[in-house]
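My entries follow the display.

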Amino acid sequence: MWVYEKKLQYPVRVSTCNPTLAKFLIEQYGGADGELAAALRYLNQRYTIPDKVIGLLTDIGTEEFAHLEMIATMVYKLTKDTTPEQMKAAGLGDHYANHDGALFYQNASGVPWTASYIAAKGDPIADLYEDIAAEEKARATYQWLINLSDDPDINDSLRFLREREIIHSQRFREAVEILKDERDRKKIF
């Protein structure tokens, strides 16, 4: 179904080791509005969405996995040379005790990812509005991460991700209009 290219969707560069910034970025890895939740939400919803927009959910859901890979790369690069003392000082002592340097699906506060983050009502328009909200929350989070970061290289990648969230929101808005037009069209029996 997919072809995997062994490169990131957008380059990820890191200026310096920064476990504190990595802790913040973990929000987009395993948080409620993060990339994993978005990918799974969209790929799940496509089973109850009309054919006219099913491809959109598949495309965006797949792209969210590419974003997840970018976030994982950022976190890895920001922490790969850290000591246990640096992890503890960055507020990642609990993470280190449980996972060493391994990535784990959790939010920035250390709360593990849960399937309750995935919304699926079964009503296509309601689900698409949920998707729009998810994209807007992710966009806001990326902006806040940029505000917290002093790493110009990381900020470049975060700006790319923020802009993709805007595009996804716009595409979902277009899909809502397509489905509303379909719903409101007079039907003759």
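**Helix packing and a tyrosine**

I note that the model is a predicted one.

For the geometry, I looked up the axes of H3 (residues 51–79) and H7 (residues 152–184), which cross at roughly 165° and come within 11 Å. I recorded the handedness of the H3 and H7 crossing as left-handed. I then sorted the contact of H3 with H7 by class and found 16 nonpolar, seven charged and three polar residues.

Next I turned to H2. How many residues of helix H2 are buried? Of the eleven residues in H2 (residues 35–45), nine are buried, so the helix is largely enclosed by the rest of the structure. I listed the buried residues as Glu35, Leu36, Ala37, Ala38, Ala39, Arg41, Tyr42, Leu43 and Gln45. I traced their packing partners to helix H1 (19–30), H3, H6 and H7.

I then examined Tyr142, which I located in helix H6 (residues 124–148). Is Tyr142 buried or exposed? Tyr142 has 0% relative accessibility and therefore counts as buried. Leaving aside residues up to four places away in sequence, I found Tyr142 touching Gln28, Glu35, Ile71, Leu158, Leu161, Arg162 and Glu165. One of these, Glu35, is among the buried residues of H2.

As a last entry, I checked Tyr142 against Ala38: the two are 104 residues apart in sequence, and their C-alpha atoms are 14 Å apart in space. Ala38 is itself one of the buried residues of H2.

Conventions:
Residues are numbered from 1 along each chain as its sequence is written. This is a predicted model: local features need pLDDT of at least 70, side-chain atom pairs count only at pLDDT 80 or more; totals for chains, interfaces and linings use all residues. Side-chain values use heavy atoms; hydrogens and water are left out. Helices (H or I, at least four residues) and strands (E, at least two) are DSSP runs, numbered from the N terminus. Buried means under 20% relative accessible area, exposed over 50%, partly exposed in between (1.4 Å probe, protein chains only). Contact means heavy atoms within 4.5 Å. Axes are lines fitted to C-alpha atoms, for helices over the stretch in contact, and angles run from 0 to 180 degrees between N-to-C directions. A crossing is left-handed if the near helix is turned anticlockwise from the far one by less than a right angle, and right-handed if clockwise. Ala, Val, Leu, Ile, Met, Phe, Trp, Tyr, Cys and Pro count as nonpolar, Asp, Glu, Lys and Arg as charged, and the others, Gly among them, as polar.
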